[in-house]
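User: Hi! Could you walk me through this model?

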Amino acid sequence: MSGPSKTEKSPKLSERFERGDLFAAPCPSRDVLNHVSSRWGVLVLIGLRTGTHRFSELRRKIDGVSEKMLAQTLQALVKDGFVSRVSHPVVPPFVEYSLTPMGEEVSEKVMALADWIEENFARVLEARDSLDSVN
């Protein structure tokens, strides 16, 4: 799509700043997009839909994620306000993670994408195979 039509008004700078502009390179909303749409971000958001989990539980649930990547992903999602981190001052100490209300909202969106991928994976494989046979 090109810009607004003659009858539409161009959004004011303040409106564009408030809403974000993912197509603009310096837009900070791109960081949020990366956090919620990365492989590990999606899996953490979906994994936490079942309730509160300790770090080790999440790591076991998300097969293949390294400790470092899980820690970085959780840190970003906590900073963005999607995940709540509660540290319990007991011996030994432990930390629990759960979705915030905003995290529940965004997890519904990424869950819909994950569901579509799983439901249509056979079609994706067929498309790959047909392209491979042409090349």
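This is a predicted model: local features need pLDDT of at least 70, side-chain atom pairs count only at pLDDT 80 or more; totals for chains, interfaces and linings use all residues.

User: Great, how many helices and strands does the chain have?
Analyst: There are 7 helices and 3 strands, taken as DSSP runs (H or I, at least four residues, for helices; E, at least two, for strands) numbered from the N terminus. Along the sequence the pattern reads α-α-α-β-α-α-β-β-α-α.

User: What's the strand order in the sheet?
Analyst: The sheet is open, with order E1-E3-E2 and antiparallel pairing; strands pair if DSSP finds at least two bridges between them. Strands E1 (53-54) and E2 (83-88) each have a single partner strand, so one side of each lacks a neighbour in the sheet.

User: And how many bridges join E2 to E3?
Analyst: 6 bridges do, with E3 covering residues 94-99. Ser84 has Ser98 of E3 as its bridge partner.

User: Switching topic: at what angle do H2 and H3 pack?
Analyst: About 65 degrees, with the axes of H2 (residues 29-37) and H3 (residues 39-47) 5 Å apart. Axes are lines fitted to C-alpha atoms, for helices over the stretch in contact, and angles run from 0 to 180 degrees between N-to-C directions.

User: Which residues make that contact?
Analyst: His35, Val36 and Ser37 of H2 meet Arg39, Gly41, Val42 and Leu45 of H3, where contact means heavy atoms within 4.5 Å.

Technical notes
Residues are numbered from 1 along each chain as its sequence is written. Side-chain values use heavy atoms; hydrogens and water are left out.
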